[in-house]
Amino acid sequence: MSEKSPEELYAERVKRVLDVAALRVPDRVPVFGPYQLYPYTFAGVSFKDAMNDYALAREACHKFQDYFQPDLDFGPILAYPAPAMEMLDIKWFRWAGHGLGDHVMYQYIESENMTADEYDEFLYDPSHFMMSKWLPRSFPPLAGLAGWPAVRTFMWFGWTGGYVGLAAPEVQEALRNAAAAGEELGRWFDSIGQYADETKAKGNPQAYAGFDWPPFDIIGDTLRGTREILADMRRRPDKLHDALEIATKIFVEYGSGAAGAELPLCWIWMHKGTRNFMSDAQFGEFYWPYLRKGMLALIDQGIIPVVYCEADVESRLEHFADVPPGKVIYHVSTTDMVKAKSVLGGIATIAGNVPNVMLLSGTPDDVREYCKNLIDTVGKGGGFIMDAAVMLDEAKPENLKAMIDFTKEYGVYQ
Amino acid sequence: MKEQLVSAIADMREEEALQLAQQMLDAGEDPQAVLDAGKEAMTVVGDRYEDGEYFLPELIIAGDMLKAIGDMVKPMLQAQASQTEPLGKIVLGTVAGDIHDLGKDVVGFMLDISNFEVHDLGVDVPPEKFIQAIQEVNPEVVGLSGFLTLAFDQMRVTIEAIKEAGLRDSVKIMIGGAIMDDSAAQYIGADAYGPDATAAVKLAKSWTGGK
């Protein structure tokens, strides 16, 4: 490996992942996955500091990537910018140093930012709803946007009064606050971009070209809230279906940013579609059809959807199989991998699932044995990516190293 | 009318259920009978959840109906409602550093409708608070919930602290959360892991001698 130039390494890694996604047998089993807290733990940097000091976050991720050398690099994208979050006083997160300890992942707080009787308003004009209701509720310094005029009424004579509304002091103040946060977020994205360039120069492709959320979670996560959207499936199914149609368009719009990338992976974070949240019938009616439709639209643009399931999805596998072959990657979390392969083999690549508790408390031998078993069974003939079962916060470094190095060694296809 | 109420709740006909409950009370029925209907319906809901017919949406709606009916009845109850002896007492909470409540709430709800006395300590619960609650409530069972992988170590620390307080032998400890499994339970030092709320009820029953 050491003789290869960064360019060669980069090309080899991109090809490996494109091959596995397309169900062509790659040179070996790829190994990569999203890591949350772990790079910072490994680098001895508190997550609070990483969220506040973008250079420090980059440094930690470089340390992690240089040492472990997974095939793809996530970089510091999950170390959200605390300064911007403070400026916006974002209501649906708590984070390190802001309601949580110094070295903890940010955590989401449930809230109902679209009430049941606001479905119609959302359906009529989603952007105006987001502007005048969702932003003020989510970000108190933007409270003045409650007075944002409905731009849809600006046509013909409407613009005259509309502009008066825009000049209202509280609207102006909100816009100034938003602009300041925007500038801070710009600095953060510059840092993310800088990191991507730096890691590419070392031969590491960036793991993502885009992020997205299933339409059901777009409505459920920050608009309705989990309890509310789950109950809506029974209480107001028609409104929910209408909102999901719109959310599907938003999903496609959002994910399309990945089009044209060298490695066009769009990571779709599946929250409420996993086991336990809803019945299979409900999944088949409210969750899957919209996600599938959205993914097909992404696939049409050459994008590779990577559905990252955050818990067991065994009961959803039959649905997952209903996609064109060689176009989708499913990270199946704690799902039985042999079962997943038996349903999805020849249709989609599966990623997973070294148990996180093993990475934390087991030995390198335990990890190697688990990986060997995965490679021997579900790795046969390609269609498999080695990864931890869920996003990594904690591990013994020697265990993670064993997972990656063993896969590189033993996972070579003849 | 009582049977109608039971089936309206159990079949998730929310509006009808609330109307029926109000009608029963308006007609001068014993408020306790209305509450009993709610309880009876919850047994059906619990069974359907266990059978995989119902999931979270139904538990949430059933919980809302039960609460609404409880609110209607409460002012009308003269004396204390007739209390059935609980099967056992349970202290429940999401461990320190973790603020996820949904899984814990579902487990608490299922235990509650299965006639356990549930003491829910909420989220981000430090070991001291578990210890204090165990000393005050004297439960048979402690339930630790956690969604994040930090919960592996936090649960372990919590159980260690319970042990140091000399309380480990007086309680059975079960854990739950999307990323938990039997090997996690072993690492953490819990007595058992339950993959869902049904399993939690079964474990609690097995430990308290309930059927």
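Colleague: How many residue pairs are in polar contact across the interface of chain A and chain B?

Modeller: Across that interface the rule finds ten residue pairs in polar contact, both residues being at pLDDT 80 or more; a polar contact is a pair of N or O atoms within 3.5 Å, where within protein one must be able to donate a hydrogen and the other to accept it, and residues adjacent in sequence count only if both atoms are side-chain atoms. This is a predicted model, in which local features need pLDDT of at least 70 and side-chain atom pairs count only at pLDDT 80 or more, while totals for chains, interfaces and linings use all residues. Residues are numbered from 1 along each chain as its sequence is written, chains are lettered from A and ligands numbered from 1 in the order in which they are written, and side-chain values use heavy atoms, with hydrogens and water left out.

Colleague: Which element gives the most to the side of chain A that touches chain B?

Modeller: H11(A) does, with seven residues; helices (H or I, at least four residues) and strands (E, at least two) are DSSP runs, numbered from the N terminus.

Colleague: And how many salt bridges between chain A and chain B?

Modeller: The count is five salt bridges, each a side-chain nitrogen of Lys or Arg within 4 Å of a carboxyl oxygen of Asp or Glu. A:Arg227 forms a salt bridge with B:Asp101, and the closest N and O atoms are 3.6 Å apart.

Colleague: Switching topic, at what angle do H10 and H11 of chain A pack?

Modeller: Helix H10 (residues 215–224) of chain A and H11(A) pack at about 130°, with their axes 7 Å apart; axes are lines fitted to C-alpha atoms, for helices over the stretch in contact, and angles run from 0 to 180 degrees between N-to-C directions. H10(A) and H11(A) are therefore oblique to each other, given that angles under 35 degrees count as roughly parallel, over 145 as roughly antiparallel, 65 to 115 as roughly perpendicular and the rest as oblique.

Colleague: What about H10(A) and H12(A), how do their axes cross?

Modeller: The axes of H10(A) and helix H12 (residues 237–255) of chain A cross at roughly 105° and come within 7 Å, so H10(A) and H12(A) are roughly perpendicular to each other.
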